[in-house]
Amino acid sequence: MKTKSQWYDKEEKKYDNLLAVVNGVIETNIANLRVLKKTDGQLVPDLTVATLEINQSQCVARLQDITCEGIEKIKNATSSMIFKQTEVTLQTKTLSSLRCQVEEIKVAKQAAVQGKHFSEAKKLSIELKSMVQEIASIEEELEKSREQLEKLKKELSAIRKEQDELETQLDTEEKKQGLQHLDSARSTFQKIKELVSHVDHQPMMTKQIIQAEIQTCSLWIKYLCNHLHVMFDGDAEEYLLQHPVNNDILVCDKHEEERQVIAKLQQALESAIEEENYDVAESIQLEIDTLKTVL
């Protein structure tokens, strides 16, 4: 039986790398936002980290736990059934062997009586009675084992039926949750996209955070579309085509650009100091310090 968890694991492996990138970018964004918070609010007022709901809802998580427990129940019930089936098979073989021996002893006993070997006949008669009693005992045990085996088969069938229902429910809830996540991600993408047009005059770090946010959101949308077997198209697809994603979005070969920006800021800082414009100098120095944290 192909369980839901086996299918789920197989499907998830296709997108593990993509999801790892999404999670990595989010962690990097959060770390950089902490740095920016130390700059006394140099962010755009309405800029916040993209709130992408990646964790399962309580309903889905609970169903997954119950489904996993059900798989364990099936394993245990199957093991018990196989054990009992083996027991029935061994008892049946033992019974068949004893019955063959009984027939052989009957023939030997008859020959002993005909040959007037009465002591031998007596010995065989006692052995025969013992074997008949043993056969009766094994037949009784076999009957009980067969009843237990049938009971175990019914229990296993009931557990499997319940498991199928749970997996169907889980599949429905996962798809429902995934579609909700997809709607949320698309909405978040549009919100972040609107911010992009308002950051031209913001510090470099702020621009990179917003850029990473929209890339993160695009990746999450792609992941959800793949997982839900939904067509990946629209603005998110277009964005990823125009901005291929590296495994480390915020710190991937951008240091040279940042060094150039720092060099220009250093010149502006020197000019501000010469003009004794210390408020501007302090602001420039703060931006330089922020940029240096990502080098």
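Which residue's side chain meets that of Lys84 in a salt bridge, and what is the N to O distance?

Author: The partner of Lys84 is Glu87, and their side chains meet in a salt bridge with an N to O distance of 3.0 Å. The term salt bridge denotes a side-chain nitrogen of Lys or Arg within 4 Å of a carboxyl oxygen of Asp or Glu. The model is predicted, so local features need pLDDT of at least 70 and side-chain atom pairs count only at pLDDT 80 or more, while totals for chains, interfaces and linings use all residues. Residues are numbered from 1 along each chain as its sequence is written, and side-chain values use heavy atoms, with hydrogens and water left out.

Lys84 and Glu87 both belong to helix H2, where they are three residues apart, about one turn of the helix. Helices (H or I, at least four residues) and strands (E, at least two) are DSSP runs numbered from the N terminus. An α-helix has 3.6 residues a turn, so residues three or four places apart point the same way. Buried means under 20% relative accessible area, exposed over 50%, and partly exposed in between (1.4 Å probe, protein chains only).

The side chains of Lys75 and Glu72 meet with an N to O distance of 3.7 Å.

Arg99 forms a salt bridge with Glu139, and the closest N and O atoms of the pair are 2.4 Å apart. Because Arg99 lies in helix H2 and Glu139 in helix H3, this pair ties together parts that are 40 residues apart in sequence. Arg99 counts as partly exposed at 41% relative accessibility, and Glu139 counts as partly exposed at 33%.

Helix H3 also carries Lys129. This residue is exposed, with a relative accessible area of 56%. The C-alpha atoms of Lys129 and Val102 are separated by 9.2 Å, although the two residues are 27 apart along the chain.

The aromatic contacts may be taken next. The count of aromatic pairs comes to two. Phe189 and Tyr239 form one of them, an edge-to-face pair with 6.3 Å centre to centre and 80° between the planes. This pair links distant parts of the chain, as Phe189 is in helix H3 (residues 118-196) and Tyr239 is in helix H5 (residues 235-242), 50 residues apart. Phe189 counts as buried because its relative accessibility is 2%, and Tyr239 is buried with a relative accessible area of 10%. Trp220 and Tyr223 form a stacked pair, because their ring centres are 5.2 Å apart and their planes stand at 10°. Rings of Phe, Tyr and Trp (its six-membered ring) pair if their centres lie within 6.5 Å; planes under 30 degrees apart count as stacked, over 60 as edge-to-face and the rest as tilted.

Trp220 and Tyr223 are three residues apart in helix H4 (residues 204-228), so they are separated by about one helical turn. Trp220 counts as buried at 3% relative accessibility, and Tyr223 counts as buried at 6%.

These elements belong to a protein chain with seven helices and zero strands, and its pattern along the sequence is α-α-α-α-α-α-α. Of the 295 residues in the protein chain, 36% are buried. Helix H7 (residues 278-292) has 15 residues and reaches 21 Å from its first C-alpha to its last, close to the 21 Å expected at 1.5 Å a residue. That expected span is 1.5 Å times one less than the number of residues. The buried residues of helix H7 are Ala281, Ile284, Ile288, Thr290 and Leu291.
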